[in-house]
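Trainee: I am new to this structure and would like to understand the terms used for it. Could you take me through them with care?

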Amino acid sequence: MIHPIRSSRTGRRILSMDAVTTATKPARCLVVLLALWFALDAHAELAQPSGTVAGRVILSHQSEKRGTISIAGRDLSGVVIFMEPVDGEIVPTLPEKEATIRQKDVKFDPALLLVTRGQTVRFPNDDKIVHNVFSFSSAHPFDLGLYSKGESKSVTFTNTGPVRIFCSIHTDMHAVIYVTPNHLRAATDAKGRFHILNVPVGRYALQTWHRYLPDGVERVEVRHVDVQVGEPVWTDVDLSVQSGDTP
Amino acid sequence: MNRRNSGGSAPGTQGALLAAALFAASIGWAEDLQTGRVTGHVTVRAKDGAASANRRRSAYDSVRLRRARRFDYQNPGEIVVHLEALAAVPQAAPPPVPGGETPTTLRLVRAARGLRWHPSSSVVSVGTLVEFVNEDSKPHIVYSKSSTDAFQYYLDELDSQGASRSVRIKAIGPVEIQVLDAEGVQGMLYVAGRHHQVLSGSAEFELPRVPAGPYRITAWHPRLPVDTRIITVTNGASTHVALDLSVNHLPKVSPDQDSP
């Protein structure tokens, strides 16, 4: 007899190997099928079902006098979208590829970088002139000091929020690193569109940040049925300004 | 060196004698307070070695590098030094203004390069009435999101030429004024404590007639690390503070091991 047993350590079902080696030929086929079934089952337990959240940010203005006015024609790129579960917390998955902001042609490239809390960012100097990268943002103040072409320094960001960076020598060099609490994040394109892949089933608060635009927040739920159908969960985030909301 | 002091609202124009009498009454009441003065120096300087680092003739030899603007530490723009009371320190009431309070005005104007705020930046005392005037032919939606999250507020649309809205700023800190329907049209207000001074570059400062008590003194520039100290102003005495807006005080980072 072959008995699936539950591991005392992990609680997962496993097969007794003693039983496999002593079984007859038809029984071995059954063993292989059962092993396959148990393997798939174990994989399902390890990989939580996940889907895609997609949508766009929109701008509007609400006033008692005119009702809701949509604002069109504005470049909506660079709005940071990030998701936090309503219940519990997601363990951040740090990307294998390291994040980099280059100093090239007296600019930072890219000018907006999204990183996960705990992630390290490299700052190589590709210019033939000396730069001095620094930030005085409360989320992570730092000073990389003066360094030349070919050199690089790195910073690990452990606090969430926007980190504005500058060069102490060159006036026009500025960029933003936004540190998100987990890897469920995206930045919008010029039309305000975004999509976030591999969002585990659950309920989330989807939040936005932009240096100049109003903040927005939406509740989003990724359900098992959404994952099975394979369609993204669509959501619009209204960055609206309301009249009369003055201090 | 250019310095501009402020101790409250600007005087009105009606009745110089009446204003003088009211001001004298106000000073008389203020003299009952125990006050001291705060003096000091603000330093703005480049990092050691930065000036000589790119001095080689060949350093800026490409078009892109030649266009690079270098930060001018001699003339960095407005620096604000101000005090924020840390306890309920009794303050002299600002002198009453005949004819009512005159608000600080920011005008939204259409210039050759497009829409912009005039002035583009302004320093006001906390509690000041700020008026936003639309001088463009189109309606605009104006709002602000404080970069420090000290507060956040929205303003109604300015729906016809000459339309205006006013708001009384209640929190200290930088406030960026935005136009929702237009990109890149930012105005900057710095809301300072009532006792403040505006400098342009490294300079001495003096804040007179400060009621005795504990304060936070701050030197602020939009592109430099803020410097803040806690001080106690004592009656009849002068408190000296040295403030430094240099990058040098930020936490240092070591070079990568794989760097040459």
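**Where chain A meets chain B**

Mentor: Let us begin with the interface, where 54 residues of chain A are in contact with 57 residues of chain B, contact being defined as heavy atoms within 4.5 Å. This is a predicted model, in which local features need pLDDT of at least 70 and side-chain atom pairs count only at pLDDT 80 or more, while totals for chains, interfaces and linings use all residues. Residues are numbered from 1 along each chain as its sequence is written, chains are lettered from A and ligands numbered from 1 in the order in which they are written, and side-chain values use heavy atoms, with hydrogens and water left out.

Trainee: What is the area buried between chain A and chain B?

Mentor: That area is about 4700 Å², of which carbon and sulfur atoms give 53%; the term stands for the accessible area (1.4 Å probe) that two parts lose on being put together, summed over both.

Trainee: Why is the pair of Asp143(A) and Lys47(B) called a salt bridge?

Mentor: The definition asks for a side-chain nitrogen of Lys or Arg within 4 Å of a carboxyl oxygen of Asp or Glu, and the closest N and O atoms of Asp143(A) and Lys47(B) are 2.3 Å apart, so the pair meets the rule. The pair crosses between chains, from strand S12 of chain A to the loop between strand S2 (35-43) and helix H2 (50-53) of chain B, where helices (H or I, at least four residues) and strands (E, at least two) are DSSP runs, numbered from the N terminus. Asp143(A) and Lys47(B) are both buried, and together with Lys252(B) they are linked in a network of salt bridges.

Trainee: What makes Glu89(A) count as exposed?

Mentor: Buried means under 20% relative accessible area, exposed over 50%, and partly exposed in between (1.4 Å probe, protein chains only); Glu89(A) has 67% relative accessibility and therefore counts as exposed. Its salt-bridge partner is Arg117(A), at 3.8 Å from N to O, and Arg117(A), at 31% relative accessibility, counts as partly exposed.

Trainee: How do you know that Arg216(B) and Glu84(B) tie together parts that are apart in sequence?

Mentor: The closest N and O atoms of this salt bridge are 3.4 Å apart. Arg216(B) lies in strand S15 (residues 213-221) of chain B and Glu84(B) in strand S3 (residues 78-85) of chain B, so the pair joins parts that are 132 residues apart in sequence. Arg216(B) is partly exposed at 29%, as is Glu84(B) at 26% relative accessibility.
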